[in-house]
Amino acid sequence: MKTFKLVPVFLLLILASCSTVSVYSDYDKNVNFASYKTYAFFKPGIDKVEISDLDKRRILRAIDDQMQAKGFTKSENPDLLVNIFTKAREQVNVNQFSAGWGYGWGWGWNPYMMYGGNQTTVSTSTEGTLFIDLIDAKKKEMIWQGEGVGTLTKNVAKKDEKVAEFVSKIMAQYPPVKK
């Protein structure tokens, strides 16, 4: 009976672990975020971002979608300037598995690993970080920064989805909830 009560807990943990983007944010506690209604992209900063133009456009479209969903209007004379910055690094994962005689996994004798066996697999992935900065256009001061960290994909069919996940999770932190 106790195992049936634990099943929903395990399912919840599995679903929570499916989210591959961790998000963080920081902000100026003296700012009234309700006063901002319009935005534009900070072109000089965005032009310096060292990613492909295709990925840059994906990110900017996703930010546009999120800002408009939050009630912001794009403007030539904005209250907020939106800037982005990215970082990437290669992750190397090494997994070792031992089978055969001695202590370890399972029971019995394995004829294919007569003398015991070790299997090592090495895989690589790219971990990316996306920073979204919101800058007060009049004061030229950053008022909010969101950061998302997660595994990137090279699969073109999934790139839009991955970028949308990064941006939506980051922008869910805006406006900050003052405590």
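Q: What makes a set of residues a nonpolar patch in this predicted model?
A: In this predicted model, a patch is made of residues with over 30% relative accessible area and no salt bridge, and nonpolar side chains such as Val are joined within 5 Å. V92, V94 and V122 form a nonpolar patch of this kind on the surface, and together they have about 280 Å² of accessible area.

Q: Why is V94 called exposed?
A: V94, which lies in strand β4, has a relative accessibility of 52%. Exposed means over 50%, and therefore V94 counts as exposed.

Q: Why is K140 called exposed?
A: K140 has its place in the loop between β5 and β6. The relative accessible area of K140 is 60%, so K140 is exposed, given that the cut-off is over 50%.

Q: What makes the phi of K140 worth noting?
A: Most residues other than glycine have a negative phi. K140 is not a glycine, and yet K140 has a positive phi of about 60°.

Q: What is the peptide bond from Y174 to P175, cis or trans?
A: That bond is cis, with omega near -5°, and P175 lies in the segment after α4. Most peptide bonds, by contrast, are trans.

Definitions and conventions. Residues are numbered from 1 along each chain as its sequence is written. This is a predicted model: local features need pLDDT of at least 70, side-chain atom pairs count only at pLDDT 80 or more; totals for chains, interfaces and linings use all residues. Side-chain values use heavy atoms; hydrogens and water are left out. Helices (H or I, at least four residues) and strands (E, at least two) are DSSP runs, numbered from the N terminus. Buried means under 20% relative accessible area, exposed over 50%, partly exposed in between (1.4 Å probe, protein chains only). Patches are made of residues with over 30% relative accessible area and no salt bridge: like charges are joined within 9 Å, nonpolar side chains (Val, Leu, Ile, Met, Phe, Trp, Tyr) within 5 Å. Accessible areas come from the Shrake-Rupley method with a 1.4 Å probe; for residues, only the protein chains shown count as cover. A salt bridge is a side-chain nitrogen of Lys or Arg within 4 Å of a carboxyl oxygen of Asp or Glu.
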